[in-house]
Amino acid sequence: MAQLLLRGIKKRFKTTEVLHGIDLEIGDREFVVFVGPSGCGKSTLLRLIAGLDPISDGQFFLNGKLMNDVAPSRRGIAMVFQSYALYPHMDVYENMAFGARLMGLDKAEVERRIAEAVRMLRLGELLKRRPRELSGGQRQRVAIGRALVRKPDVFLLDEPLSNLDAALRSDVRLEIARLHREIGGTMIYVTHDQVEAMTLADKIVVMNEGRIEQVGSPRALYETPANTFVGTFIGSPRMSLVTVTREGTRLGIADGGSLPIDTKLDARALKLGMRPDAVSLHRGQGGEGFHAQVVYTEYLGDNAYVYVRLADGTLLSARTAPNDDFAPDERVSVTLAPGTAHFFSAEDGRRLVP
Ligand SMILES: Nc1ncnc2c1ncn2[C@@H]1O[C@H](COP(=O)(O)OP(=O)(O)O)[C@@H](O)[C@H]1O
Ligand SMILES: [Mg+2]
């Protein structure tokens, strides 16, 4: 059982505040991902939950009990670090046994737990090796195994895949998802990679500059981003944002054409968000749509992303068929599939719900 409640959590290093009041609830057995650009405070927040750094302000409750002053070893929380932090002079077995013995478990229980971790993480062949005799992916599995044998109520993982190459990353990602299903504990996983967040999370917490921008399921964040930050952070290639002016039932950009749009919004100036899969390109500029010029194409085999520049200078991406072959500098018109427009305030970037 593990329910976490963060209330008004702030963190200061000397006089610099890096977390500005975090409010968050995490349910039992949830897989929660903290995602955001480097430096936004993800690791700091994780370290406060683990008890590795003191909380400056606010409260952290675990199962209703205030944890602010509880020692890390008494929280039932285990953390896996990006750097693995294995003991170099111990073999794989000893690395896993060490922490379990510190907990005061007897020999038979330590062995039983290690056997289980070895089975789950397929470490059987590696038990006698030292960390330097392991690949990055194997080291990461040992680091996870070491956390596993402590049977924590809460698992914290800080960018566990960032030292692995791309192919291995997607393998280990699947392993972590499987592990979560198997052990059924609460997991908090930190990453700067929105693809990892989208594929692993029950619930994503998008952070930016020491604040939470939005909390929601992968689908909710993709379909109804709360603001332009979340809109452009989640999804790849990113959502394009264009500042448009509403004239009756049309949205236009200066000297750059217009689109008919069915919106009941009052605002005259808006930020229009368009995802690449919702955008269509048409050769020539006679008909409907924004005027644009092709800049370049990314060919991916099953489709292609064409980047075009609008009259106001905005770069916009469109997913096209792989054989559409738009040429650089070609003049095109841009239209948007009905019902796919995202509208944000031109002033503060907040989502405007029509
Ligand atoms: N021990 C520290 N002393 C001073 N500043 C720190 C310390 N740890 C982190 N910071 C600062 O806090 C901010 C958030 O850092 P961090 O939590 O590591 O970000 P992230 O994990 O999202 O990349 C950064 O500006 C970082 O420089
Ligand atoms: Mg970090």
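Two strands pair if DSSP finds at least two bridges between them. Helices (H or I, at least four residues) and strands (E, at least two) are DSSP runs, numbered from the N terminus. This is a predicted model, in which local features need pLDDT of at least 70 and side-chain atom pairs count only at pLDDT 80 or more, while totals for chains, interfaces and linings use all residues. Residues are numbered from 1 along each chain as its sequence is written, and chains are lettered from A and ligands numbered from 1 in the order in which they are written.

The chain contains eight helices and 20 strands. Its C-alpha trace spans about 80 × 45 × 35 Å along the principal axes. Of its 354 residues, 37% count as buried, meaning that 20 or more other C-beta atoms, placed from the backbone, lie within 10 Å of the residue's own.

Strand β17 (residues 304-310) pairs with β16 (residues 289-299) and also with β18 (residues 315-320). The two pairings are set out below.

| Pair | Direction | Bridges | Opposite residues | Turn glycine, phi |
|---|---|---|---|---|
| β16 and β17 | antiparallel | seven | Tyr296 and Tyr307 | Gly301, about 95 degrees |

The shell around ligand 1 includes Phe13, Val18, Gly36 and Lys42; a residue is near a molecule if its C-beta atom, placed from the backbone, lies within 6 Å of it. Helix α1 (residues 42-50) gives the most to this shell, with three residues.

Terms used: A residue is buried if 20 or more other C-beta atoms lie within 10 Å of its own, exposed if 12 or fewer, and partly exposed in between; C-beta atoms are placed from the backbone.
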